[in-house]
Amino acid sequence: MTPVCGPCLTPAMAPVSINELPENILLEVLTHIPARQLLLCCRLVCSLWRDLIDLVTLWKRKCLREGFVTEDWDQPVADWKIFFFLCSLRRNLLRNPCAEENMTSWQIDSNGGDHWKVESLPGDHGTDFPDSKVKKYFVTSFAMCLKSQLVDLRAEGYWEELLDTFRPDIVVKDWFAARADCGCTYYIRVQLVSADYIVLASFEPPPVIIDQWNDAKWTEVSYTFSDYPPGVRHILFQHGGKDTQFWAGWYGPRVTNSSIIISPKMTGSRPPAQLSPRPQRELGSSDFRGHQDH
């Protein structure tokens with residue numbers, strides 16, 4: 001006899017497995033689950049879920065849902081899963097880049113002359129910054145002033161496999177300007193460093209010397225680390241300088257709006273590789289081996 005429920009004598013429905021849903025609906029359900037849970041938990045449930053989670057379609061939909069791409073996106077993406085995780089982590093890894101918190105987060109390596117100082121834009125004999133949201137800058141003195149930050153990539157959420165296997169682009173930018181009435185020398189040094197603090201790659205251009213009676217315009221420095229050696233765990237960013245007139249006060253280069261941003265590669269192919277989130281437990285390589293649809 002068919003069981004019934006309640007006073008209306010409605011036949012009871014047999015339990016339905018979620019796996020009985022059409023695959024396109026189940027795929028849509030999975031796109032709402034946080035990415036790390038998809039890989040660490042959901043992918044282990046059964047072969048159907050594993051295969052769906054490995055589909056490029058799922059990661060494209062998650063990128064659309066998060067606003068990482070738009071419907072008319074036409075740039076080639078080598079690996080949508082990697083693209084999603086890198087976009088999720090994408091931000092400026094330097095703290096207090098625009099001097100809003102005085103010298104907080106910066107290591108003072110050299111504090112010559114009258115030392116580092118924070119001033120408001122445009123400053124004496126200065127010009128406005130191209131981005132109106134930037135309100136302040138750091139300024140150097142008549143003897144060498146250098147400051148730095150050491151970024152711990154693992155502490156920032158970038159796990160070893162992501163860095164060593166996929167080696168995303170590391171984009172470094174800085175802005176500097178001189179006072180119009182004083183010459184100066186600007187320095188920058190950026191190093192990719194191993195866990196043992198061995199330098200694996202470096203950007204250290206010759207010092208920029210600006211003459212007295214210049215236009216005081218802000219200049220952007222930009223450099224992209226690509227295809228660097230595996231093993232990068234820290235990034236050292238250092239910049240500063242001094243004036244060339246040896247005047248008391250703060251007449252050296254002004255710096256602000258510095259950034260280190262890790263970005264996905266937009267073109268090029270990658271060898272087959274396994275992706276895992278920064279592990280919360282040990283995972284075998286088979287946990288993340290999947291196929292891709294096109």
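Helices (H or I, at least four residues) and strands (E, at least two) are DSSP runs, numbered from the N terminus.

A note on the source: this is a predicted model, where local features need pLDDT of at least 70, side-chain atom pairs count only at pLDDT 80 or more, and totals for chains, interfaces and linings use all residues. Residues are numbered from 1 along each chain as its sequence is written, and side-chain values use heavy atoms, leaving out hydrogens and water.

Back to α5 (residues 80-89): I found nine of its ten residues buried, so the helix is largely enclosed by the rest of the structure. Buried means under 20% relative accessible area, exposed over 50%, and partly exposed in between (1.4 Å probe, protein chains only). Among the buried ones I noted Trp80, Lys81, Phe84 and Cys87.

Next I looked up the sheet. It is open, with five strands in the order β4-β5-β13-β7-β11 and antiparallel pairing; strands pair if DSSP finds at least two bridges between them. The edge strands are β4 (117-120) and β11 (219-225), each pairing on one side only.

β5 (residues 136-139) and β13 (residues 254-263) run antiparallel over two bridges, and Phe138 stands opposite Val255 in β13.

Last, I turned to Ile18, in the loop between β2 (10-11) and α1 (23-31). Ile18 counts as partly exposed because its relative accessibility is 37%.
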